[in-house]
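Subject: Structure for you to look at

Hello,

Here is the structure you will be working with. Please open it first, and then read the notes below.

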Amino acid sequence: MFGTTLYSAILGLSSKWRISNAAVDESADCVEIHIGTSRDAEFSCPVCNGRTDMVGDSEHRWLHDDLFSMQLKIVARIPLISCETCGVNRVKAPWERPGSNFREGDTDGEKEESNIAS
Ligand SMILES: [Zn+2]
């Protein structure tokens, strides 16, 4: 349907992020995008903005209910970074910015319970 470049633009991805796969399920009006980070990507500490080392990653899922009238699912491996001052934190993904309307959770179920105020 769309190229990964357009998805990158929609999600605000920098060159640190890579879309590894984008699959459209037209019967379900749903797009599932798989995202990881570039091998050489470096992330600053989300707390103090200092230098960090990448110490691992973890898989997270997000769901957007209405992007061009479709559901958009994101499955992403989010780096865990270690800051000398602040310890280990998870990198904030670009699509987590306020107002992006992505909510984190298990995208395979129907609506999971959520504590996110809207
Ligand atoms: Zn820090």
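Asp 29 counts as exposed because 11 C-beta neighbours lie inside 10 Å. The terms work as follows: a residue is buried if 20 or more other C-beta atoms lie within 10 Å of its own, exposed if 12 or fewer, and partly exposed in between, with C-beta atoms placed from the backbone. Asp 29 sits in the loop between β1 and β2, and its phi is positive, about 50 degrees, although Asp 29 is not a glycine. Most residues other than glycine have a negative phi.

Two notes on the source. This is a predicted model, in which local features need pLDDT of at least 70 and side-chain atom pairs count only at pLDDT 80 or more, while totals for chains, interfaces and linings use all residues. Residues are numbered from 1 along each chain as its sequence is written.

Asn 101 also has a positive phi, near 70 degrees, and is a residue other than glycine. Asn 101 is in the loop between β5 (87–90) and β6 (103–104). Because Asn 101 has 14 C-beta neighbours inside 10 Å, it counts as partly exposed.

Now the chain as a whole. There are 1 helix and 6 strands, in the order α-β-β-β-β-β-β along the sequence. Helices (H or I, at least four residues) and strands (E, at least two) are DSSP runs, numbered from the N terminus. The chain has 118 residues, and 15% of them count as buried. Of the contacts between residues at least 6 apart in sequence, 52% join residues at least 24 apart. Two residues are in contact if their C-beta atoms, placed from the backbone, lie within 7 Å.

Next, the pairing of strand β2. Two strands pair if DSSP finds at least two bridges between them. Strand β1 (residues 17–25) and β2 run antiparallel and are joined by 8 bridges; Ala 22 has Ile 33 in β2 as its bridge partner. The hairpin of β1 and β2 has 4 residues between the strands. β2 is also joined to strand β4 (residues 70–83), by 6 bridges, and these two run parallel. Here Val 31 stands opposite Leu 72 in β4.

In a regular strand the side chains alternate between the two faces of the sheet. In β2 (residues 30–37), the covered face holds Val 31, Ile 33, Ile 35 and Thr 37. The uncovered face holds Cys 30, Glu 32, His 34 and Gly 36.

Which residues touch the most other members of the largest nonpolar core? They are Ile 33, Trp 62, Ile 74, Trp 95 and Phe 102, in a core of 15 residues. β2, β3 (52–67) and β4 each supply at least two residues of this core, and β4 gives the most, with 4 residues. A nonpolar core is a set of buried Ala, Val, Leu, Ile, Met, Phe, Trp, Tyr and Cys residues joined through C-beta atoms within 7 Å. Leaving aside neighbours within four places in sequence, Phe 102 is in contact with Trp 62, Leu 63, His 64, Ile 74, Trp 95 and Glu 96.

Last, Phe 43. Is Phe 43 buried or exposed? Phe 43 is buried, because 20 other C-beta atoms lie within 10 Å. Its place is in the loop between β2 and β3. Not counting residues up to four places away in sequence, Phe 43 touches Thr 52, Pro 79, Ile 81 and Val 91. The C-alpha atoms of Phe 43 and Lys 16 are separated by 8.5 Å, with the two residues 27 apart along the chain.

Regards
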